[in-house]
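Biologist: I would like to learn how to read a few features of a model. Could we go through them together?
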2 protein chains.
Amino acid sequence: MDADAEASEETGHGEGRDPAAPRRRTGGRSARVRAQVLAAVGELLVAGGYDGLTVDAVAERAGVHRTTVYRRWRDVGGLLADVLDAASDDTWRPPDTGSLEGDLTALNQEVYEALAGGPGLTAALIAAGFRSSEAAGALSRFWEDRHARCAVVTDRAVERGELPAASDARALLVAATAPVYHELLLLRAAPDPELPRRAAAGAAAAGRAGVYAPLTGPFPSA
Amino acid sequence: MDADAEASEETGHGEGRDPAAPRRRTGGRSARVRAQVLAAVGELLVAGGYDGLTVDAVAERAGVHRTTVYRRWRDVGGLLADVLDAASDDTWRPPDTGSLEGDLTALNQEVYEALAGGPGLTAALIAAGFRSSEAAGALSRFWEDRHARCAVVTDRAVERGELPAASDARALLVAATAPVYHELLLLRAAPDPELPRRAAAGAAAAGRAGVYAPLTGPFPSA
DNA sequence: TCCTTATTGCGACTGATGTTGCGTTAAGAT
DNA sequence: ATCTTAACGCAACATCAGTCGCAATAAGGA
């Protein structure tokens with residue numbers, strides 16, 4: 001990761017700067033190149049999936065030389081990692097349907113639609129995570145962010161009395177969504193429109209049964 | 001797939017054979033080459049993961065020429081598909097611990113141990129499924145076989161009264177195992193020794209609640 | 001044993017991928 | 001305006017993946 005990572009300090013110190021720290025030039029041309037390249041990545045990805053995404057194709061479509069892309073992003077994984085980081089500052093919120101099972105079903109529906117229709121962006125990013133450690137890291141950050149935002153789903157369910165207190169939001173969310181990813185991505189099963197609802201219902205039932213509450217008794221010790 | 005697939009007929013017909021069907025030579029040298037190559041694939045895979053598995057490396061380690069590997073297996077995906085098919089005729093049986101949750105936990109434990117320790121064989125095969133359609137097909141066959149063998153877990157649970165009748169064995173199995181794959185393979189979370197048991201408990205609780213029984217009432221019609 | 005030919009070995013070739021050295025452009029500070 | 005040098009463009013180079021034509025080997029049947 002040598003793109004971005006601009007330190008916010010060492011701007012006006014003048015004298016006491018580290019001689020081994022070159023000042024980045026992030027304005028003007030560099031910013032324009034970056035924007036062109038990231039746009040080209042997105043366009044090529046929706047056009048031809050992961051397999052159509054080569055460094056050469058990106059450079060050509062961005063109107064930039066191959067070497068520039070190699071030096072700044074190293075490989076396709078680095079490109080996707082940058083795209084993912086740049087697109088993660090969106091305003092996504094989990095759905096609020098009024099019930100735990102409804103929220104989880106709606107979440108699964110989003111996952112289902114992102115994965116069911118052919119070679120989509122999501123599948124390409126996940127596939128990239130198996131090739132590039134940079135893309136894998138960006139994916140982990142992306143998912144961590146999504147899980148943090150989804151914690152409110154569990155909180156609301158606890159308030160409604162649908163779940164025992166102190167239920168593990170992450171485990172519940174994984175239980176609900178993992179079957180959808182597993183069926184469509186790993187097992188490559190034929191898309192079943194009932195899958196989102198059924199996986200959500202399973203996770204919700206397990207949650208109601210207290211599987212994701214670490215302690216079922218009233219004594220938190222031991 | 002042009003390796004194996006030896007037709008069992010047209011052995012002694014003599015006169016009426018198809019002129020466009022060349023007789024395969026599966027004995028002696030060809031069999032030895034195949035064994036050497038598949039062994040080399042396994043050794044390289046446990047040594048360096050998927051990224052260390054190139055056709056050239058396989059050929060060199062097997063003491064075989066590159067062209068031979070390209071002609072018989074086409075690419076790395078074809079190699080892995082053949083390895084997977086050759087290794088699938090084992091005598092694997094699902095565990096029988098006496099309870100549904102115990103069986104699912106033991107299954108998840110196997111998955112966990114196959115995925116938790118570094119870049120294992122399983123992860124390499126799954127990663128290959130994202131690159132080669134041949135490897136993806138072999139993986140689908142492998143998983144279908146495993147799921148069929150695991151149906152007995154659900155049957156036994158129904159007999160014991162732990163599950164309602166006509167529970168969907170596949171959906172239950174996916175609900176139990178998917179979180180393990182998802183955490184370790186996609187989310188790349190730190191291995192949690194409690195994960196197999198917890199995921200199994202969640203699926204078992206959902207199963208007990210009747211989520212995987214299509215009809216809860218006693219009337220199977222409509 | 002001999003004959004046919006499937007299969008393998010060999011080397012040359014093409015194209016894609018990734019690297020390096022060097023000259024040019026322009027960002028940012030003075 | 002001027003200077004320093006980070007970032008870019010360019011071309012040559014190196015490496016790897018994959019294919020093709022041809023000769024050598026050996027499997028399987030007569």
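Biologist: How many nonpolar, polar and charged residues are in the lining of the second largest cavity?

Modeller: This is a predicted model, where local features need pLDDT of at least 70, side-chain atom pairs count only at pLDDT 80 or more, and totals for chains, interfaces and linings use all residues. Residues are numbered from 1 along each chain as its sequence is written, chains are lettered from A and ligands numbered from 1 in the order in which they are written, and side-chain values use heavy atoms, without hydrogens and water. Now the general idea: rolling a probe the size of a water molecule over the atoms shows where empty space is left. A cavity is a set of points, on a 1 Å grid over the protein atoms alone, where a 1.4 Å probe fits but cannot get out; lining residues have an atom within 4 Å of a point. Here the lining has seven nonpolar, two polar and one charged residues (Ala, Val, Leu, Ile, Met, Phe, Trp, Tyr, Cys and Pro count as nonpolar, Asp, Glu, Lys and Arg as charged, the others, Gly among them, as polar).

Biologist: Which helix gives the most to that lining?

Modeller: α7(B) does, with five residues. Both α7 (133-160) and α8 (169-186) of chain B supply at least two (helices are DSSP runs of H or I, at least four residues, numbered from the N terminus). The lining includes H147(B), C150(B) and R170(B), and the cavity's volume is about 50 Å³, a volume being the space filled by probe spheres set on the points.

Biologist: How is an aromatic pair described?

Modeller: By the distance of the centres and the angle of the planes. Rings of Phe, Tyr and Trp (its six-membered ring) pair if their centres lie within 6.5 Å; planes under 30 degrees apart are stacked, over 60 edge-to-face and the rest tilted. Over all chains there are three such pairs. One of them joins W143(A) and Y181(A), edge-to-face at 5.9 Å centre to centre and 85 degrees between the planes. W143(A) sits in helix α7 and Y181(A) in helix α8 of chain A, 38 residues apart.

Biologist: Is W143(A) buried or exposed?

Modeller: Buried, at 7% relative accessibility (under 20% relative accessible area is buried, over 50% exposed, partly exposed in between, with a 1.4 Å probe and protein chains only). Y181(A) is buried too, at 10%.

Conventions. On a 1 Å grid over the protein atoms alone, a cavity is a set of points where a 1.4 Å probe fits but cannot get out, and a pocket is an open set with protein on both sides within 12 Å along at least five of seven lines; lining residues have an atom within 4 Å of a point.
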